[in-house]
Amino acid sequence: MKISTKGRYGLTIMMELATRYGEGPTSLKSIAEKHQLSEHYLEQLVAPLRNAGLVKSIRGAYGGYILSKTAEDISAGDVIRVLEGPISPVDFTEEDDPAKRDLWVRIRDSIAEVLDSTTLYDLISFKDEGQNDNYMFYI
């Protein structure tokens with residue numbers, strides 16, 4: 001499963017709103033400038049997030065967007081499902097081999113578990129402790 005720019009940029013929007021939660025509305029222009037993204041594209045992404053009840057829009061000169069719930073109450077899975085659709089690595093059918101079907105189901109469930117157990121708060125409070133998976137190979 002590959003997360004498209006819709007999912008990645010959607011998480012960027014939501015993480016910015018989570019970071020500024022309680023400070024009032026945040027404009028998409030400020031998010032676009034900070035992350036060097038297209039404001040127009042972010043506008044297209046925020047509409048389904050608003051329709052799903054994850055964000056609220058505030059009109060006016062100092063308007064923008066705010067989270068509709070706290071960062072602890074919105075998971076990465078909530079955002080990804082709104083923007084990407086159902087989480088499934090393949091479209092499997094009843095005709096598939098039972099062993100392969102079981103594999104696809106386990107992969108789907110594992111991805112869903114990680115996304116659903118990771119909140120926006122987890123993402124904005126993440127501290128990289130240098131545990132990178134960089135491997136050095138010598139020839």
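This is a predicted model: local features need pLDDT of at least 70, side-chain atom pairs count only at pLDDT 80 or more; totals for chains, interfaces and linings use all residues.

Student: Fine. How many helices and strands are in the chain?

Tutor: The chain has six helices and two strands.

Student: And in what order do the elements run from the N terminus?

Tutor: The order is α-α-α-β-β-α-α-α, so the strands sit between two sets of helices.

Student: Okay, loops. Where does Q36 sit?

Tutor: Q36 lies in the loop between α2 (28–35) and α3. The backbone there has a positive phi of about 55°, although Q36 is not a glycine.

Student: Is Q36 buried or exposed?

Tutor: Exposed: the relative accessible area of Q36 is 75%, and the cut-off for exposed is over 50%.

Student: Switching to packing. What's the geometry between α1 and α4?

Tutor: Helix α1 (residues 5–19) packs on helix α4 (residues 76–84) at about 135°, and the axes are 9 Å apart. That angle makes the two helices oblique to each other. Their crossing is right-handed.

Student: Which residues make that contact?

Tutor: From α1 you have K6, G7, G10, L11 and M14, and from α4 there are A76, V79, I80, L83 and E84. By class, that contact has six nonpolar, two polar and two charged residues.

Student: What about α1 with α3, what angle do they pack at?

Tutor: About 80°, with the axes of α1 and helix α3 (residues 39–51) 10 Å apart. So α1 is roughly perpendicular to α3.

Student: Who's touching whom there?

Tutor: On the α1 side the contact uses T5, K6, Y9, G10, I13 and M14, while α3 brings Y41, L42, L45 and L49. Seven residues of this contact are nonpolar, two are polar and one is charged.

Student: Zooming out, how much of the chain is buried?

Tutor: Buried residues account for 27% of the 139 residues.

Student: And the accessible surface, what does that come to?

Tutor: About 9400 Å² for the chain, with 51% of that belonging to carbon and sulfur atoms.

Student: Last one: what share of contacts joins residues at least 24 apart?

Tutor: That share is 63%, counted among contacts between residues at least 6 apart in sequence.

Methods
Residues are numbered from 1 along each chain as its sequence is written. Side-chain values use heavy atoms; hydrogens and water are left out. Helices (H or I, at least four residues) and strands (E, at least two) are DSSP runs, numbered from the N terminus. Buried means under 20% relative accessible area, exposed over 50%, partly exposed in between (1.4 Å probe, protein chains only). Contact means heavy atoms within 4.5 Å. Accessible areas come from the Shrake-Rupley method with a 1.4 Å probe; for residues, only the protein chains shown count as cover. Axes are lines fitted to C-alpha atoms, for helices over the stretch in contact, and angles run from 0 to 180 degrees between N-to-C directions. Angles under 35 degrees count as roughly parallel, over 145 as roughly antiparallel, 65 to 115 as roughly perpendicular and the rest as oblique. A crossing is left-handed if the near helix is turned anticlockwise from the far one by less than a right angle, and right-handed if clockwise. Ala, Val, Leu, Ile, Met, Phe, Trp, Tyr, Cys and Pro count as nonpolar, Asp, Glu, Lys and Arg as charged, and the others, Gly among them, as polar.
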